Amino acid sequence: MCADILKLSETLRIFEKTGIEYLHIDIMDGYFVPNFTLGTDYCKALKKATNIPLDIHLMINSPESKLDWFEFGEGDMVSVHAESTDNLREALAAIGKRGAKAYAALNPSTPVSSLDGILDEIDGVLVMAVNPGFAGQKMIPSALGKITEMKRIFKEKGFTDKEIEVDGNVSFENAVKMREAGADIFVAGTSSIFSNDLPLEEGIAKFRKVIG
Ligand code: ZN
């Protein structure tokens, strides 16, 4: 949602050239979050246009009933919010069944303990550093503590292959702190590579440098 939609082909070629690992797609339904963004056709078009895997971030109510609307499979990842459904386990299992990585997403006010009992079902956790809905917000500092806590729990339970993704105000400065806290996957948006301070390619190079 941070990319210039009218220059998307150009952007995709730069992403391919620079080895971007995933395309993070923010899907909003106007209910779970107060905004509309991208949808099913957009994901379909991206699938056709590039081989870069999709990272579909579903900010929609009852995602388990809408997973079939989306094209994804082996190599892709899909996040569903713990707050968006009473059937989180079912939603995660349905994603895994299609060969994609299943991530549980947590809003800033949702504690890590809400994932107790389903950690075996997830490939990772998406920690929101802002309240989802709009780009351009400031990081809520407690997100860093949440990343650290999640990392500790994964380690304690021996889940060494589960990863932590962080989304929201992942600026060059904040990315360093998020990395130190234990984040593995970083969603770069308007506060870093799409800030227009630098050409996209240079922004990506700078981002890779700061996360080491
Ligand atoms: Zn997102």
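Tutor: Strand β2 (residues 54-59) pairs with β3 in the parallel sense, over 4 bridges. This is a predicted model, in which local features need pLDDT of at least 70, side-chain atom pairs count only at pLDDT 80 or more, and totals for chains, interfaces and linings use all residues. Residues are numbered from 1 along each chain as its sequence is written, and side-chain values use heavy atoms, with hydrogens and water left out.

Student: What makes β2 and β3 a pair?

Tutor: Two strands pair if DSSP finds at least two bridges between them. β2 and β3 have 4 bridges, with Leu58 opposite Val80 in β3. Strands here are DSSP runs of E, at least two residues, and helices are runs of H or I, at least four, numbered from the N terminus.

Student: Why is β3 called largely enclosed?

Tutor: Buried means under 20% relative accessible area, exposed over 50%, and partly exposed in between (1.4 Å probe, protein chains only). In β3 (residues 77-81), 5 of the 5 residues are buried, so the strand is largely enclosed by the rest of the structure. Met77, Ser79 and His81 point one way, Val78 and Val80 the other.

Student: Is Cys43 called buried or exposed, and why?

Tutor: Cys43 has 0% relative accessibility, so it counts as buried. Cys2, at 25%, is partly exposed.
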